[in-house]
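Welcome! Here is a short briefing to read beside the structure, topic by topic.

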Amino acid sequence: MLEIQLDDGGVGGYPGDDYCSGSVMSERVSGLANSIYREFERLIHCYDEEVVKELMPLVVTVLENLDSVLTDNQEHEVELELLREDNEQLLTQYEREKALRKQAEEKFIEFEDALEQEKKELQIQVEHLEFHTRQLELKARNYADQKALIADRWLYVHSAVSNWKKCLHSIKLKDSVLSLVHVKGRVLVALADGTLAIFHRGEDGQWDLSNYHLMDLGHTHHSIRCMAVVYDRVWCGYKNKIHVIQPETMQIEKSFDAHPRRESQIRQLAWIGDGVWVSIRLDSTLRLYHAHTHQHLQDVDIEPYVSKMLGTGKLGFSFVRITALLIAGNRLWVGTGNGVVISIPLTERNRPGGIIHVYGSDDCSDKSASSFIPYCSMAQAQLCFHGHRDAVKFFVSVPGNVLATLNGSVLDSPSENPSTTTTETEGQKLKNVLVLSGGEGYIDFRIGDGEDDETEENPGDPTQVKPFLSKAERSHIIVWQVSYIPE
């Protein structure tokens, strides 16, 4: 009888036959083999063993191959599952690496941007340092020249009529000359040691340089910084005091304090009518004194006005000091250490507006009906947007009428332009005056402290040497024309 060996101990094949298989099959193949075995038994029962004798080995081989394939398939499924898990791990690691790479790229881009910004800022700082270096070098040269001039103790006399370049007389004094004024045939020379040298003419009408009078105003380590002619007197600024000198008697007529701090120094004096404006070193406040009674009449602080017009943080305007002072064209001209020029109209009465403190009264007994006290108000002040890069060094006023025409030529004669001739307003003549300010460099405060894009006359000339300083950095003189009616 045909038997087949099953996994549960069943026997397959004929007893002792070579086709018998002793291998253990899987459950699925074993079930399939049992079904086939039952079918073979039915066929043997109906027909005979000979019917399935040749078919049995083939079936056994197929079942064995099927079992082998099923085992391989299970192993492949296990391997596939392992590979799937590995793939998921690799994908997770890839996404993590991708996120880290993106983060690193973003940090690198941020670093590049920060580096580029820092490079630009450093380049700007280098340009500013180069500009300030050139300014400091220029200042050093100017200070060296000024020191050389101040160290010169010689007083020179030139002709004001003709051949002015030729020196007529010279005399060496005891110390450096700081200021000169002339009043009623006498010349007062302020020296660095705090003394005044007073010269006068001889009987022949010539200057007697060998016989002059020395007046000591104080200690030798304090110099006379400024002088101004006030009527027939001379006001001298010495430390924080003002000494009123009578030139004819060569005596100090009056001394008073212009500032409460003894360490302060008077730097500028400007006189008109019955008032004298005074500025103090490293101070933004102007002080007005009566020319006869020496009363303190008014204080005007220009720093709030400058800060309002130009801003406190722009070009170092947080600290304002007065470096030049002039009265011309019924205006008070003020130059600052920042290169700013301010023009303030003068009024006969103290009008409200601005930062003003009045100390004296207008009904002074020494005043005449025609006297004029030059009060001023910052509410009427005008700031010129054309200025200097450094401190305003000086003001000069000269009579003149200079008008620029459309083609750039200059007319300095009223007869060349009939429309600009002197006119009369309400019976009074309108006068013209030119005010000149001198200082290092030029700047338009509306634009800022940018480099000047000047065009050279011959840009294509290779032999042209580029100047050490640009046009905006060289010393400049700025000219204003003012028309006014004299008081």
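Helices (H or I, at least four residues) and strands (E, at least two) are DSSP runs, numbered from the N terminus, and two strands pair if DSSP finds at least two bridges between them. With that in hand, Trp235 can be found opposite Val244 in strand 11. This is a predicted model, in which local features need pLDDT of at least 70, side-chain atom pairs count only at pLDDT 80 or more, and totals for chains, interfaces and linings use all residues. Residues are numbered from 1 along each chain as its sequence is written, and side-chain values use heavy atoms, with hydrogens and water left out.

- Strands of a sheet pair through backbone hydrogen bonds, either parallel or antiparallel.
- Here, four strands form an open sheet in the order 9-10-11-12, and their pairing is antiparallel.
- Strand 9 (224–230) and strand 12 (251–257) are at the edges with a single partner strand each, so one side of each has no neighbour in the sheet.
- On average, neighbouring strands of this sheet are turned by 25 degrees against each other, direction ignored (axes are lines fitted to C-alpha atoms, for helices over the stretch in contact, and angles run from 0 to 180 degrees between N-to-C directions).
- Strand 10 (residues 233–238) and strand 11 (residues 241–246) run antiparallel and are joined by five bridges.

**The largest pocket**

- On a 1 Å grid over the protein atoms alone, a pocket is an open set of points where a 1.4 Å probe fits, with protein on both sides within 12 Å along at least five of seven lines; lining residues have an atom within 4 Å of a point.
- The largest pocket holds about 1500 Å³ of space (grid points are joined across faces, edges and corners, and a volume is the space filled by probe spheres set on the points).
- Its lining has 33 residues, and Arg225, Arg267, Gln268, Thr323 and Lys393 are the ones nearest the centre.
- Strand 17 gives the most to this lining, namely six residues.
- Sorted by class, the lining of the largest pocket has 22 nonpolar, five polar and six charged residues (Ala, Val, Leu, Ile, Met, Phe, Trp, Tyr, Cys and Pro count as nonpolar, Asp, Glu, Lys and Arg as charged, and the others, Gly among them, as polar).

**The second largest pocket**

- About 300 Å³ of space lies in the second largest pocket.
- Of the 13 residues that line it, Leu155, Tyr156, Val157, Leu180 and Val187 lie nearest its centre.
- Strand 3 (154–158) and strand 5 each give two or more residues to this lining, and the largest share, five residues, comes from strand 3.
- This lining has 11 nonpolar residues, two polar and no charged.

**Residues to look up**

- Asn432 lies in strand 29 (residues 431–440) and counts as buried at 17% relative accessibility (buried means under 20% relative accessible area, exposed over 50%, partly exposed in between, with a 1.4 Å probe and protein chains only).
- Leu32 belongs to helix 1 (residues 27–46) and is partly exposed at 38% relative accessibility.
- The C-alpha atoms of Leu32 and Leu63 are separated by 8.2 Å, with the two residues 31 residues apart along the chain.

**Positive phi values**

- Most residues other than glycine have a negative phi.
- Lys184 is not a glycine, yet has a positive phi of about 50 degrees; Lys184 is in the loop between strand 5 and strand 6 (186–191) and is exposed at 57%.
- Asn330 also has a positive phi, near 60 degrees; Asn330 sits in the loop between strand 17 and strand 18 (331–336) and is buried, with a relative accessible area of 16%.
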